Amino acid sequence: MADHLLEVRNLSVEFHTAAGVVHAVRDISYYLDRGETLAILGESGSGKSVSSSAIMNLIDMPPGRISSGQILLDGIDLMTMSPQARREVNGRRIAMIFQDPLSHLNPVYTVGWQIREALTTHGSSTAEAASEALRLLRRVGIPDPEPSMGKYPHEFSGGQRQRVMIAMALALRPDLLIADEPTTALDVTVQAEVLALLKELQRETGMAVLIITHDLGVVSEIADRVVVMEKGELVEAGTVREVYKNPRHPYTRKLIAAAPGKGEMHQPDAAGAPVLSVGDVRKSYGGFEALKGVSFDLMAGETMAIVGESGSGKSTLARVLLRLDEPDAGSALWKGRDLFQLSPADLYKLRRDLQMVFQDPTQSLNPRMTVFQLVSEAWVIHPGIVPKAKWRERVAELLIQVGLQPDHMPRYPHQFSGGQRQRIAIARALALEPQLIICDEAVSALDVSVQAQVIALLDKLRREMGIAFIFIAHDLPVVRDFADHVMVMQKGKVVEQGTVREIFGSPRQEYTRALLAAGLDPDPDVQAANRAARLARAS
Amino acid sequence: MTIPSTETVIPHEPHFVVRMGRMLWADKFALCAAIFLVVVLVIAIIGPTWLGELATKQNLRGRNLPPFDWERGWVWWMGADALGRPLFARIIVATQNTLMVAAGAVVLSAVIGTVLGLVAGFSSPRINQVIMRLADVIMSFPSLLIAVIVLYVLGSSILNLILVLSITRIPVYLRTTRAEVLEIRERMFVQAARVMGASNKRIVFRHILPVVLPTLTTLATLDFAYVMLAESALSFLGIGIQPPEITWGLMISQGRQYLTNAWWLSLWPGLAIILTTLSLNLLSNWLRIALDPVQRWRLEMKGRKNG
Amino acid sequence: MKKTLILGALLLGSTLSSAFAGSGPIKIVLPEEADLLEPCMATRSNIGRVIMQNVSETLTELDLRGDKGLMPRLAEKWEQQSDGSWRFNLRQGVKFSDGTSFDAKDVKYSFDRVMSDKNVCESERYFGGMTISAEVVDDNTIDFKADPVQPILPLLLSLVTIVPEETPLEFIRKPVGTGPFKLTNWTPGQQIVLTGRDDYWGAKPSVTEATYLFRADPAVRAAMVQTGEADLSPSISQLDATNPATDFSYLDSETVYLRIDHNIEPLNDVRVRRALNMAIDREAFLGTLVPDGAVLATAIVPPPTLGWNPDVKVFPYDAAAAKKLLDEAKADGVKVDTPITIIARTANFPNVTEIMEAIQAQLQEAGFNIELKFVEVAEHEQYYSKPFKEGRGPQLVAAMHDNSKGDPSFSMFFKYASEGTQSGFSDPKVDDLIKRASAAVGDERAKLWSEVIALVHDEVVADVLLFHMVGFSRVSERLDYKPTMATNSTLQLSEIGIK
Amino acid sequence: MLSFIRKRAIASLISLVGLIVMVFFLSRLTGDPAALFLPVEASAEMKEQFREIHGLNDPLMVQFGRYVGDILTGDLGQSLRKARPALDVVLEAFVWTLWLAVITMTLVTVAAIVVGSLAAFRSGGFFDRFSSMVSLIGASVPDFWLAIVAIVVFSIQLAWLPTSGTGSIHHWILPISVLFVRPFGIIVQVVRGSMISALSSAYVKTARAKGVKSGPIIFIHALRNAMLPVITVIGDQAASLLNGAVIIETIFGFPGVGKLMIDSILQRDFNVVLAAILVTAVAIFLMNLLIDLTYALLDPRIRH
């Protein structure tokens with residue numbers, strides 16, 4: 001009976017929400033053994049994190065309610081234990097790390113304090129805790145561990161913060177580590193390092209790891225077995241290889257198919273006159289140089305992908321091009337006129353041509369405006385594009401064009417899913433009939449399957465309407481199927497620039513190659529080979 | 001923990017008034033508050049013409065008549081004041097002035113403060129500095145001195161009292177608005193509007209103001225109570241509203257000396273102030289939710305469950 | 001030594017008072033703190049109640065407790081010389097609290113200091129319109145010469161406190177005097193402590209030490225005596241005066257009236273002024289808004305004052321007659337419908353708002369068009385005193401006047417003479433009578449003042465006189481003290497006995 | 001840090017100068033102090049003499065120039081009524097106000113934090129509803145009414161406490177209790193709101209995953225994060241107390257700066273008014289500085 005370390009049996013959890021009672025997970029069961037890694041794969045809304053919250057007793061009741069099921073740890077049902085006893089389990093036997101380490105670390109206490117607290121809460125003496133915390137920081141590879149003990153979370157980089165979280169979680173050598181999207185917000189190169197660290201630590205301590213992710217690549221990199229969830233139900237389970245090679249459930253198949261980077265790459269047309277010509281753009285904030293002279297040309301109807309990790313200056317470039325920030329130097333010739341020299345009045349007229357789609361549609365759509373108001377606002381600002389009498393008709397058209405329904409018009413953004421919101425944002429951009437749309441990480445916050453749909457939508461618009469795109473992303477595979485040209489940026493500079501085939505086929509720069517190598521392939525075999533190659537190169 | 005959002009199509013939304021009505025029905029506290037405030041408002045409008053004469057009819061032989069004398073007419077249920085005038089009638093007649101002073105001062109200070117705050121938050125650092133220093137000066141200017149200066153130079157009247165009370169409250173709105181504007185102007189949807197070419201005016205009034213407004217509404221309702229009490233305190237110190245005008249605040253301060261032997265003189269108007277501010281608070285809490293599309297479902301759900 | 005004395009006194013006062021009756025410390029709670037303890041400002045009540053006759057003494061003293069009239073204090077006797085000047089023989093062997101002895105030079109210095117233009121002593125105001133010089137005859141004798149001759153000079157000198165010659169001309173905060181007490185502690189905002197002097201020339205008072213506390217709220221003052229935190233509160237509210245064992249009412253010297261501005265129509269018509277007087281039901285106020293013991297006023301000065309005229313009768317309350325008078329005036333073209341404003345001062349006297357509201361209602365009943373306006377003290381002064389504002393409408397200024405000095409001259413000139421700062425009219429007959437009365441002596445003086453009072457009230461109908469007010473004191477049962485009219489401005493500790 | 005303080009000091013100085021100019025000229029529009037110092041029967045000559053002695057007859061600009069000159073040498077002038085330096089009068093009163101404000105705000109802060117946190121921890125529960133109702137009512141009761149009722153009940157009926165005045169520690173209980181009510185009502189609400197959002201934040205989840213107990217989660221993890229908006233409101237409330245609790249001081253005979261201010265305003269003792277404003281403004285400036293330093297102390301992210 002007690003052969004598994006953790007066994008979740010027939011768990012059902014429901015929440016009371018706006019839409020009434022939502023069955024977050026329905027009758028799911030899975031198990032996990034010592035030393036093993038199980039991945040729960042699912043998109044947002046699949047309920048993939050609910051069972052782990054239930055394990056950690058983190059579900060707020062109300063609005064949540066565990067309606068049935070058992071969670072057995074070494075054969076003992078956690079749910080029958082007293083709150084006091086469950087608190088003792090947390091941290092000591094089961095530990096957890098989260099997606100966004102910045103918000104999950106208390107901003108007002110030093111990391112040393114927070115690691116020590118994990119130890120002292122479960123009975124260590126202060127002195128023991130201090131030396132152990134130092135050892136842990138050193139172990140997870142934080143540079144200068146001693147002074148780092150006295151630093152606050154905001155003083156570390158994203159990857160380091162996740163390492164701190166790991167150190168804190170492993171403080172009491174738990175039997176089980178739950179990692180909820182541990183690498184999602186990180187740059188690809190950092191993601192690879194963190195996953196490698198997790199694997200190493202697992203080998204050392206023999207703990208079981210339950211990893212929750214939406215990313216097939218992460219699954220293939222780290223997991224032994226995988227369970228796939230959709231809308232609160234567990235649809236498929238098996239070893240990683242089995243599931244990838246031989247998916248039985250249509251949803252799993254859809255997920256695998258949606259993974260980017262497998263389609264035909266574009267072959268841009270021969271060079272014409274550039275519609276936008278950017279020359280030597282510079283911008284610094286205080287003492288920090290965000291752009292150190294960036295130049296590129298964009299042809300009409302083409303897609304230029306700009307790829308770089310955080311801090312590369314790619315978003316600053318977008319803001320400067322749209323004059324949300326004023327550049328320090330440089331030029332941007334749009335059809336022969338320098339965008340940077342335009343007067344406010346001229347700029348206002350030109351705004352029609354250049355539109356932008358932001359990363360997070362939740363924040364870029366005014367929460368107090370309906371879809372109709374959001375889309376038609378463009379025509380309030382630029383009268384004369386569409387006569388007022390036709391606004392409803394035109395909004396309906398645009399909504400259909402981006403794959404939404406006309407009866408969505410009176411609804412508010414929060415009533416839509418992330419992908420739908422991004423479609424609203426695209427419809428808003430299209431309302432002005434622009435010739436260039438800048439997409440700043442427009443799909444990175446979306447689920448893989450939705451990502452694919454949105455990219456397909458953008459590609460369709462490009463083909464049908466001849467709109468040029470500047471597509472900013474931190475992830476290379478995403479742009480592979482969509483871009484004509486790719487520009488790789490690092491620390492405010494252009495590292496490499498070329499057609500999509502050139503970049504993916506024969507990257508010239510070491511950095512580009514590292515980026516490509518750090519990307520995780522959904523195919524466990526390919527990924528294993530990549531890993532081997534990477535290790536070989538490192539040693 | 002992400003709670004899955006629904007993708008099912010919600011049926012066509014009912015008319016605004018119907019929706020608000022349903023949401024009000026869902027929150028029984030707010031409903032009571034709203035009913036009470038409507039009654040108060042009606043009383044404020046018709047009070048002086050309805051009972052004006054009765055409320056000023058003196059009877060020195062029936063002074064400080066105790067309350068709960070059910071034998072007499074209802075206007076006497078709350079007892080009589082030091083000149084033998086029925087307290088119930090006086091409270092009703094005083095409603096108009098009280099609300100006028102409080103609402104006048106709150107609205108005036110809120111409008112001026114908000115506009116200045118928007119300007120300060122959205123214009124050049126220099127103008128911002130000037131406005132902020134001005135706010136500092138007003139803030140440290142003793143409100144009693146403002147009262148004495150204005151009432152001495154311009155004379156004592158309800159309008160001038162509104163002026164005094166609103167001057168002292170301007171900085172509160174100014175600072176709040178400015179702080180919020182500084183934060184909201186960096187939000188994505190403001191940037192998005194700017195990309196579309198929206199003018200500053202549009203950004204301020206269409207995008208920023210609606211987001212600041214709930215905070216300001218809450219502030220204003222709280223201020224309503226504050227202003228009524230401040231008016232009362234000015235009366236206490238002898239520089240506020242003066243008889244024969246009446247307000248609840250003045251009634252409390254006049255009844256103060258009878259506290260030990262005729263407690264009802266100051267209790268009823270005090271109760272009127274407390275109930276009004278309490279209602280305003282309840283209603284503003286409700287309004288904040290009802291006007292926020294993201295929060296609204298809480299009320300609508302409750303309504304559905306109840307109904 | 002001194003410490004043990006005080007300690008002993010404290011013990012006596014608090015625990016053994018009933019057994020060893022007779023002396024001990026007391027605490028007095030007053031409505032308003034003294035901003036100065038300047039002897040020459042002692043005629044102002046917040047200062048006078050603390051130091052007048054307790055710390056600083058005067059040459060003469062008016063008896064308001066009995067009917068002894070003007071009594072000797074630092075002067076043993078005085079007489080008018082043939083040239084009209086007054087000679088004072090001073091008490092001998094008197095010492096100031098700083099140890100220096102008192103003599104005629106101190107008296108002269110004190111008087112000159114009051115009149116000096118280096119300061120603004122309040123007592124200076126009683127000497128307006130006359131020149132007076134003090135001449136030292138010898139150490140114990142001093143002459144005061146006045147032009148014009150002042151029949152009431154000895155009375156006037158009951159208002160001049162004597163300071164040692166060494167006192168600077170500028171205002172001081174630590175008074176030195178000849179009185180039975182000296183200032184031992186003044187913590188502004190908290191308390192003033194007077195301690196009995198061993199070397200006082202007169203009888204030793206039962207009170208050994210007096211601590212003065214200040215509370216603005218009348219209910220709090222009353223409560224303090226009730227709870228034993230204080231022994232005496234000379235002014236509490238009528239409403240709180242509910243315990244016959246401790247609470248006393250006394251006719252204070254305050255007179256409430258409405259000053260009429262005769263210069264503006266319709267108040268320039270005597271019928272209108274008479275109508276005003278007849279439209280007010282003064283009786284109805286007694287026992288309601290005005291305490292029962294208050295007296296309906298027929299003069300600006302209270303009854304014990306010289307020349308108070310018992311033959312002058314209060315206007316009868318007759319609204320119908322008032323209306324008729326108004327109609328008559330109206331028929332003659334007087335604009336009686338013009339709104340008349342009553343200007344009153346907030347917190348001027350107890351129930352001022354209610355009283356004024358009631359008066360407004362009564363006047364309106366009789367057909368007047370009355371508006372009521374309450375102003376704070378600084379603004380009130382502008383309406384009350386000359387120069388009056390140009391272009392003003394008809395006004396009645398509600399005011400309270402205090403005369404506890406026993407002689408109408410302290411009131412009549414200011415309120416009724418053409419040159420008087422608060423006079424609302426100008427009548428040569430009144431001017432002449434006031435001038436003659438001020439110069440007269442003895443019965444003649446009383447008779448002339450009576451005439452003035454009758455003339456002003458019955459013929460001129462100068463103003464609307466209302467009430468001589470009543471004050472309330474709360475006196476702890478361990479004290480033997482009866483407040484009098486004087487309590488309004490002075491509070492002689494030597495008059496307080498301890499049971 | 002130093003440059004921050006300097007910047008703040010300069011801004012405050014500008015405000016202070018503006019304040020003084022405005023108060024100086026505006027207050028002189030409000031009538032003649034001579035008429036208030038002397039009885040109504042005083043002659044015009046006496047009033048003239050009073051104005052002459054206090055330099056009130058000079059043109060306003062001359063008076064202002066003299067005042068500014070005196071300020072620069074640290075002299076805030078004599079009280080027109082008390083024959084002593086205005087600054088002494090004000091400082092004496094201010095000490096009382098300062099103590100009153102410090103003690104009251106300390107108690108209010110502690111109480112509001114405990115009550116607000118507990119209400120937030122079980123938000124929507126009985127304690128939450130009860131405490132918000134009580135705090136709302138507390139914030140709407142006129143303080144003078146409360147003060148007199150308190151005296152009637154606790155001093156007269158029960159005879160537990162002295163009615164008023166200063167001296168023993170018992171004298172402080174009633175005024176502080178009455179002063180306590182309104183800021184408490186306001187701050188509880190802020191603490192509650194701020195704590196609700198802090199308790200639902202990600203780092204609290206981490207702490208729960210670590211197995212930390214409820215007590216430390218509320219008072220160590222959430223509270224320190226929730227304190228920033230609370231500190232702002234505490235500052236506002238403390239500032240209004242530092243300006244003087246006029247009514248409480250008047251009723252309880254507490255010799256603070258609020259009562260001094262209103263008396264001086266009504267008596268047109270201009271120098272005392274100006275000195276009082278100056279002293280309180282400087283105190284409030286220092287307090288705001290303290291609050292900014294507290295921010296930095298509580299939140300390392302603000303430290304630079």
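How many Å separate the centres of domain 1 of chain D and domain 2 of chain D, taken over C-alpha atoms? I looked this up before anything else, keeping in mind that the model is predicted, and the value I noted is 32 Å.

**Entry: the two domains of chain D**

The domain assignment of chain D places domain 1 at residues 2-72 and domain 2 at residues 86-303. I then looked at how the two meet, and found that 14 residues of domain 1 of chain D and 10 residues of domain 2 of chain D make up the contact. On the side of domain 1 of chain D, the elements that supply two or more residues are H1 and H2 of chain D, and H1(D) gives the largest share, with nine residues. Sorting this side of domain 1 by class, I listed eight nonpolar, four polar and two charged residues.

**Entry: confidence**

Among the elements of chain D, the highest mean pLDDT, 91, belongs to helix H5 (residues 86-121), while the lowest, 82, belongs to H7(D). For the complex, the predictor gives an ipTM of 0.80 and a pTM of 0.83.

**Entry: chain D against chain B**

I recorded 33 residues from chain D and 29 residues from chain B in this contact. The elements of chain D that each supply at least two residues to the side touching chain B are helices H1 (2-27), H6 (126-140), H7 (143-157), H11 (246-252), H12 (257-267) and H13 (270-298). H1(D) gives the largest share of that side, nine residues. Which classes make up the side of chain D that touches chain B? I noted 26 nonpolar and seven polar residues, and no charged ones.

**Entry: chain D against chain C**

Here 36 residues of chain D are in contact with 37 residues of chain C. Two or more residues of the side of chain D that touches chain C come from each of helix H2 (33-37), helix H3 (44-53), H5, H7 and H11 of chain D. By class, I found 19 nonpolar, 11 polar and six charged residues on this side of chain D.

S4(C) and S5(C) (residues 86-90) run antiparallel and are joined by five bridges; C:Gln80 has C:Trp86 in S5(C) as its bridge partner.

**Entry: a parallel pair in chain C**

Lastly I followed strand S14 (residues 340-345) of chain C, which runs parallel to S15(C) and is joined to it by six bridges. C:Thr341 has its bridge partner in S15(C), namely C:Glu371. Is S15(C) mostly covered or mostly exposed? Strand S15 (residues 370-375) of chain C is mostly covered, with five of its six residues buried.

Notes:
Residues are numbered from 1 along each chain as its sequence is written. Chains are lettered from A and ligands numbered from 1 in the order in which they are written. This is a predicted model: local features need pLDDT of at least 70, side-chain atom pairs count only at pLDDT 80 or more; totals for chains, interfaces and linings use all residues. Two residues are in contact if their C-beta atoms, placed from the backbone, lie within 7 Å. Helices (H or I, at least four residues) and strands (E, at least two) are DSSP runs, numbered from the N terminus. Ala, Val, Leu, Ile, Met, Phe, Trp, Tyr, Cys and Pro count as nonpolar, Asp, Glu, Lys and Arg as charged, and the others, Gly among them, as polar. pLDDT is the predictor's confidence in each residue, from 0 to 100. Domain bounds come from an automatic or database domain assignment. Two strands pair if DSSP finds at least two bridges between them. A residue is buried if 20 or more other C-beta atoms lie within 10 Å of its own, exposed if 12 or fewer, and partly exposed in between; C-beta atoms are placed from the backbone.
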